Amino acid sequence: MTAWFVRHGVADRPPETIRSALGPLVTTAVRAAVDIAASRTLVAVLPVIDHVLRAGSATPEYLADESKRLRKGELKATAALAMGSALSGSPAESICRVRFRQLRTPEPVQQHAFARHGERTATVDFWFPDQGVVVEVDGRAKYEDAAMLDRRTTADAHWQEKRREDFIRSFPEVRAVVRLSWSDLMDPDRIRAALVRAGIPCR
């Protein structure tokens, strides 16, 4: 059995703790996010940063101020924090944004809503307006997890998703819809191929 830990410089950063609901003292969300940003890869870091921003645990300015107090890893942390977005709805969306950056795609619009008067509204994960391409990130849990199904059957979930995609494709500005899975997110080459087929330029 092995164990590992990372010791972060604390010369001018005294420990910041709060008492958790279970009793023990834990580090604050801001401190944890900045320390992780200074020491881990962007794929591991961005879901944490996006979650902290989405949950309202910190503002971008607060995170940036904390990163300036780092003894090491400040540049790495600053670059990661600059990518933070409260609009990412899941860790998968955060990782997808990392892949877009690595592949040097155009910057997509997050959580773009397609709406038509008197009809439904469909909000998509990513929208590339110049290419007319929607990118959605799906996981199996969407169709299998009881909590996410909310008393629907898997067949019902698939049917509703098909109707939703038909609605999105009905907009003349939408040329293509690309769906990425968790396994796709672990393979940048697979993502590149899917995006290029849809007309999105990549590195």
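Buried means under 20% relative accessible area, exposed means over 50%, and partly exposed lies in between (1.4 Å probe, protein chains only). This is a predicted model, in which local features need pLDDT of at least 70 and side-chain atom pairs count only at pLDDT 80 or more, while totals for chains, interfaces and linings use all residues. Residues are numbered from 1 along each chain as its sequence is written, and side-chain values use heavy atoms, with hydrogens and water left out.

**Exercise 1. Strand β5 and its partners**

Task: Describe how β5 is covered, and work out in which sense it pairs with β4 and with β6.

Solution: 
- Step 1. Helices (H or I, at least four residues) and strands (E, at least two) are DSSP runs, numbered from the N terminus. Strand β5 spans residues 133–137, and five of its five residues are buried.
- Step 2. Two strands pair if DSSP finds at least two bridges between them. With β4 (residues 121–128), β5 pairs in the antiparallel sense over three bridges, and Phe-128 stands opposite Val-133.
- Step 3. Turn to the hairpin of β4 and β5: four residues lie between the strands, and Gly-132 has a positive phi near 65°.
- Step 4. Strand β6 (residues 176–180) runs parallel to β5, with five bridges joining them. Here Val-133 has Ala-176 as its bridge partner.

**Exercise 2. The nonpolar core**

Task: Find which residues touch the most other members of the largest nonpolar core, and which element gives the largest share of this core.

Solution: 
- Step 1. A nonpolar core is a set of buried Ala, Val, Leu, Ile, Met, Phe, Trp, Tyr and Cys residues joined through side-chain atoms within 4.5 Å.
- Step 2. The largest such core has 19 residues, and Val-133 and Val-135 touch the most other members.
- Step 3. At least two residues each come from α5, β4, β5, β6 and α10 (188–198).
- Step 4. Helix α5 gives the largest share of this core, five residues.

**Exercise 3. Aromatic rings**

Task: Classify the ring pair Phe-100 and Phe-126 and the ring pair Phe-167 and Phe-171, then see what lies around Phe-171.

Solution: 
- Step 1. Rings of Phe, Tyr and Trp (its six-membered ring) pair if their centres lie within 6.5 Å; planes under 30 degrees apart count as stacked, over 60 as edge-to-face and the rest as tilted. The structure holds five aromatic pairs.
- Step 2. Phe-100 and Phe-126 have ring centres 5.0 Å apart and planes at 85°, so they are edge-to-face. Phe-100 belongs to helix α5 (residues 91–103) and Phe-126 to strand β4, 26 residues apart, so the pair links distant parts of the chain. Phe-100 and Phe-126 are buried.
- Step 3. For Phe-167 and Phe-171, the centres are 5.2 Å apart and the planes stand at 90°, so this pair is edge-to-face. Phe-167 and Phe-171 are both buried.
- Step 4. Phe-167 and Phe-171 form one aromatic cluster with Phe-114 and Trp-127.
- Step 5. A charge sits over a ring if NZ of Lys or CZ of Arg is within 6 Å of the ring centre and within 35 degrees of the ring normal. The charged end of Arg-116 sits over the ring of Phe-171, 4.1 Å from its centre.

**Exercise 4. Polar side chains**

Task: Locate Ser-88 and Glu-66, and name the side chains that they contact.

Solution: 
- Step 1. A polar contact is a pair of N or O atoms within 3.5 Å; within protein, one must be able to donate a hydrogen and the other to accept it, and residues adjacent in sequence count only if both atoms are side-chain atoms.
- Step 2. Ser-88 lies in the loop between α4 (74–82) and α5, and is buried at 0% relative accessibility. Its side chain makes polar contacts with the side chains of Asp-50 (2.9 Å) and Gln-110 (3.1 Å).
- Step 3. Glu-66 is in helix α3 (residues 60–67) and is buried, with a relative accessible area of 3%. The side chains of Glu-66 and Arg-69 are joined by a polar contact of 3.0 Å.
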